[in-house]
Amino acid sequence: MKKSKFVLYSMLAILTLVVLALIRFLLPGTPTPDVQPAGSADLSTHPVYAKYDMRNADDVIHIGTQPLYWPTGLITEAMKRDNILNAAIAARGMKIRYYPFLKGADVNYFLKRDDLDIGIGGDMPALSAAATMNVVIPVLMQQGFISIVARQPMLISDLRGERIGYAFGSNAHYALLNALSSFGISEADVHLVPMEVHEMADALSQGTIDAFSAWEPTPAIALERYPEMVTIHQKLTMGYLYFQQSFMDRHHEVAMEIIAAVARSIRWIQYDRENLLLSCEWTRESSRRLTGQLIPLSTADMADLGLNDLLGIHADPFIPSDSLREEGMLYRELEFLKTLSIIPATSDWK
């Protein structure tokens with residue numbers, strides 16, 4: 001079995017690159033297809049993803065992003081326009097292509113096929129990648145809440161027998177199963193309805209489902225569009241940027257430039273609210289191109305949501321050491337996912 005690991009990089013190593021400069025964001029972002037996505041077991045035939053040109057090339061770095069996963073979407077939109085990063089990559093005769101996906105499980109699908117060099121995912125996709133692929137996970141990209149939203153006030157125990165929307169293989173999938181389990185409710189006791197996050201608010205309003213589990217901004221969108229809906233449970237989760245080990249081995253200096261760009265982008269967004277608002281506008285457009293839908297939140301509301309997560313808590317993207325210890329948060333999640341056969345039972349924490 002391949003070794004996999006979470007890596008806690010030295011603060012000084014990253015800050016050496018971070019202090020080079022605050023970036024000016026002038027370059028246009030990478031466009032994404034104007035197609036309404038639909039689920040598919042074979043994601044290579046997905047109506048959006050099938051149009052991505054992810055052919056391997058030594059001079060192209062392929063990064064899978066999630067514009068509908070905040071604040072990672074804000075950070076990657078800023079990274080696209082980081083002139084320091086783009087100049088450093090160009091000096092090595094390379095270029096970066098960003099590919100937007102609906103969830104971390106989709107990113108992992110193409111990472112496992114070696115179509116992507118770098119991906120972004122929450123706890124569950126990151127643990128799945130570490131358990132089934134040879135990856136290095138050096139950067140924290142998100143820290144915030146997964147929310148379970150219902151049409152009316154209820155307890156988690158009231159979800160027994162109900163239809164619950166979720167995105168398979170996502171942070172929200174794990175958070176939902178964990179919440180149900182804490183009340184003695186098994187997966188067999190509910191009707192899990194797999195769907196894409198941008199479909200959930202309308203599905204709940206129309207009665208197709210009775211509740212859903214999702215990350216921001218989906219819960220905020222639901223509560224804005226349908227004020228009668230309520231959040232009945234929240235769980236703190238994290239999100240990460242992770243690299244193929246083979247890419248890290250071949251292009252270590254490039255990987256460090258990308259890590260530094262994450263830190264610079266976070267600092268740039270934190271530095272001035274106008275920067276944050278601009279990142280929100282870029283993310284809104286990327287989300288529209290991915291889903292064909294415009295996020296029904298004001299730019300100010302989008303900015304506040306971003307600040308509620310990683311951007312308002314951490315100045316630098318370091319993985320907390322406490323989360324890496326045996327019996328820590330990620331260890332407990334790994335063990336839980338093994339009991340569900342979502343991660344191989346043979347997966348070794350070390």
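Trainee: How many helices and how many strands does the protein have? Then take me to the largest pocket: which residues lie nearest its centre?

Mentor: The protein has 13 helices and 9 strands. These are DSSP runs, numbered from the N terminus: helices are H or I with at least four residues, strands are E with at least two. The model is predicted, so local features need pLDDT of at least 70 and side-chain atom pairs count only at pLDDT 80 or more, while totals for chains, interfaces and linings use all residues. Residues are numbered from 1 along each chain as its sequence is written, and side-chain values use heavy atoms, with hydrogens and water left out.

First, the whole. Of the 350 residues, 58% are buried (under 20% relative accessible area; exposed is over 50%, partly exposed in between; 1.4 Å probe, protein chains only). Contacts are heavy atoms within 4.5 Å. Among those with a separation of 6 or more, 80% join residues 24 or more positions apart. The protein exposes about 14000 Å², with 53% supplied by carbon and sulfur atoms (Shrake-Rupley method, 1.4 Å probe; for residues, only the protein chains shown count as cover).

Now the pocket. Ala105, Asp106, Asn108, Phe168 and Gly169 lie nearest its centre, out of 23 lining residues. Helices H4 and H5 (123–132) are the elements that give two or more residues to this lining. The volume is about 490 Å³. On a 1 Å grid over the protein atoms alone, a pocket is an open set of points with protein on both sides within 12 Å along at least five of seven lines; a cavity is a set where a 1.4 Å probe fits but cannot get out; lining residues have an atom within 4 Å of a point. Points are joined across faces, edges and corners, and a volume is the space filled by probe spheres set on them. By class, the pocket lining has 13 nonpolar, 6 polar and 4 charged residues. Nonpolar covers Ala, Val, Leu, Ile, Met, Phe, Trp, Tyr, Cys and Pro; charged is Asp, Glu, Lys and Arg; the others, Gly among them, are polar.

Asn108 sits in helix H4 (residues 104–112). Asn108 counts as buried because its relative accessibility is 9%. Leaving out residues up to four places away in sequence, Asn108 touches Pro125, Ser128, Ala129, Met133 and Tyr242. A polar atom of the Asn108 side chain lies 2.8 Å from the backbone oxygen of Pro125.

The whole structure holds 2 cavities of 30 Å³ or more. Of its 14 lining residues, His198, Ile221, Gln293, Ile295 and Pro296 lie nearest the centre. Helix H8 (218–225) and helix H11 (273–291) are the elements that each give two or more residues. H8 gives the most, with 4. This lining has 8 nonpolar, 5 polar and 1 charged residues.

Terms used
Polar contact = N/O pair within 3.5 Å; in protein donor to acceptor, adjacent residues only side chain to side chain.
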